[in-house]
There are 2 protein chains.
Amino acid sequence: MPASPIVNRRIVLAARPQGEPTAANFRLEEVPLPLPGPGQVLLRNRMLSLDPYMRGRMDEGRSYAPPVALGEVMEGRTVAEVLESHHPGFARGDWVFAPAGGWQTHAIVDGGTLNRKLDPNGQPPPSTALGVHGMPGFTAYAGLREIGRPQAGETLVVAAASGPVGATVAQLAKLQGLRVVAIAGGPEKVRYLREELQVDAALDHRSGDFAERLRAAVPDGIDVYFENVGGKVFDAVLPLLNDFARIPVCGTIATYNARGEVRPGPDRLPDFLSQILRQRLTVRGFIQRDFVRLYPEFLREMGQWLREGRIRYREDVVEGLENAPQGLIGLLRGDNFGKRLVRLDD
Amino acid sequence: MPASPIVNRRIVLAARPQGEPTAANFRLEEVPLPLPGPGQVLLRNRMLSLDPYMRGRMDEGRSYAPPVALGEVMEGRTVAEVLESHHPGFARGDWVFAPAGGWQTHAIVDGGTLNRKLDPNGQPPPSTALGVHGMPGFTAYAGLREIGRPQAGETLVVAAASGPVGATVAQLAKLQGLRVVAIAGGPEKVRYLREELQVDAALDHRSGDFAERLRAAVPDGIDVYFENVGGKVFDAVLPLLNDFARIPVCGTIATYNARGEVRPGPDRLPDFLSQILRQRLTVRGFIQRDFVRLYPEFLREMGQWLREGRIRYREDVVEGLENAPQGLIGLLRGDNFGKRLVRLDD
């Protein structure tokens, strides 16, 4: 097969991390691209999404998706432009959402894996297909609707609330008439939550009296805790839950780097089970694709809310593929302020 | 008000237990009964139900029902005969299910609290209103149906399986075409599960290699774990759960005597949350009255299954009110073999 003239720059998994990932876990490579075969499409990736779930893909072992193999391109969703198409559904110049675009400048994918064209000048803009109008937004929408089951007048708590999942949860719950307490790290994010997203209370989890502030912010207790961080926020939420509270669990980012680590006692698991019984709690894990049947409705509704300005979003853009590893490492520490993306323009 | 000639023998809560209850936590009293007032009914309790939830009522503090006050009659459901009625719905000689009959020979209750007459010679017999055809059976029925959501071909695990909840869960799941692994303590109970209830595998949780035996008994993993004991059975189940497994939590009897006790580490709660996410588990606490809308259907269906012999049950009868405290203490240790009742005949 003759080589195409294009050189693909890509980042592969060089080694599995122990705890926090480091730069040494990644390797930047330049490799010539083969030509796309029948039914395939050659993509120029424009934007790469960085997401907490990627930490899980770097580990071996059982999870909801297989790990990235050593030496393979890191997985990631992209917004991409079609450079060459051997598939009847796509033409050069089309913009698409590429579920398996990967951490690379170019990708060759089967046209059948691309089911969403994007308008490069549309509203909402194409980058939202990686955030509020894509997987993170849908995670918020589906988890809240199917597990959180919010009722007007109830109280919802969500952490990582300046990130794309948390911010969408907070705003959807406000639209539905809930009291919303949103948590983030640092005064700038807290100000954003209060002033831009207009939640009822915004709290900094780094403040020394965080647990007391949370208690004061939920005078009627907590009916829905949307769990996307774990760790000390979860610990502070537990004693404040109301009977019949719902806990959709879509992430425990605080523990992603600590898998397999042995934590000091006491063992709180038996008391948690006992609390689940006494308070008739529902704790349910999910990932967004479990609710894929709702996706068309989500795209339609969220597109409308975004155009109307009823749902707002914020993007945090890292420039250049070579900075993607640091972008992910920082994301896992919570240093993003909004949906973290990597711009892959030349 | 003139005293009635009847002396009521009753057992009151004398002191709150520390850990396991002892005889000193109870006191037998004899008190003259007042006459029933307008709308009231004087009952002669015939059978008293002993149930694990009673341990919770002996503690102060937050639970799904208020505690029994010191000096008050211990709560309990009874099957009773009407001695005297000032309520139009009942006449002397009627048999009834008394939700608040209590640990006593007699009770005066509002007729409006009695909504189920029993046939003393009927099939199923009236004592089943305290077990398989009452609260424990309904706990099994509702939790399995609403949370367990069993599908034919799946695998279900249940412990305390010779008791009224566990035995009913096991048999209902068999009727629905599941592979059923039932757990109990001691060879006699295990033989009963295998030979009488005809489960697919029956295991003794006291055997030293219990966890390995459980693993071998669930070659396709566990889809439903009906949690009614907690402790080491739960620990052995955790690594064997399938993705999307459901865990209805109706009791954690292994920890009832240990509330507030600090357990040695490691702290397994963060890993449990992570597992809930990775495997998309549903963990939900309930008590049977949360599903009260299903009760009429339960009474009809279960009555039919019992008459047809499709659901079997076993009773473990303690003789005499004075033996009720030891009956409960033993129940919490798992020394009952079937539904524990106290016969209150003269």
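Residues are numbered from 1 along each chain as its sequence is written, and chains are lettered from A in the order in which they are written. In this predicted model, local features need pLDDT of at least 70, side-chain atom pairs count only at pLDDT 80 or more, and totals for chains, interfaces and linings use all residues; side-chain values use heavy atoms, with hydrogens and water left out.

**View 1. The interface between chain B and chain A.** On chain B, 45 residues are in contact with 45 residues of chain A. Contact means heavy atoms within 4.5 Å. The size of an interface is often given as the accessible area lost when the parts come together. Here the buried area is about 3,700 Å², and carbon and sulfur atoms give 59% of that area. Buried area is the accessible area (1.4 Å probe) that two parts lose on being put together, summed over both.

**View 2. Polar pairs and the chain B side of the interface.** Eleven residue pairs are in polar contact between chain B and chain A, both residues at pLDDT 80 or more. A polar contact is a pair of N or O atoms within 3.5 Å; within protein, one must be able to donate a hydrogen and the other to accept it, and residues adjacent in sequence count only if both atoms are side-chain atoms. On the side of chain B that touches chain A, the elements giving two or more residues are strand S12 (241-249), helix H7 (269-278) and strand S13 (282-285) of chain B. Helices (H or I, at least four residues) and strands (E, at least two) are DSSP runs, numbered from the N terminus. H7(B) gives the most, with nine residues. The residues of this side divide into 22 nonpolar, ten polar and 13 charged. Ala, Val, Leu, Ile, Met, Phe, Trp, Tyr, Cys and Pro count as nonpolar, Asp, Glu, Lys and Arg as charged, and the others, Gly among them, as polar.

**View 3. Salt bridges across the interface and within chain A.** Six salt bridges link chain B and chain A. A salt bridge is a side-chain nitrogen of Lys or Arg within 4 Å of a carboxyl oxygen of Asp or Glu. One of them joins B:Arg263 and A:Asp271 (3.3 Å, N to O). Over all chains, the count comes to 52 salt bridges. Within chain A, A:Glu75 meets A:Arg57 (3.3 Å, N to O). A:Glu75 lies in the loop between helix H1 (53-57) and strand S4 (78-85) of chain A and A:Arg57 in helix H1, so the pair ties together parts that are 18 residues apart in sequence.

**View 4. Strand pairing between the chains.** Strand S13 (residues 282-285) of chain A pairs with S13(B) in the antiparallel sense over three bridges. Two strands pair if DSSP finds at least two bridges between them. In S13(B), B:Thr282 is the bridge partner of A:Arg284.

View 5. The peptide bond from B:Gly265 to B:Pro266 is cis, with omega near 5°.
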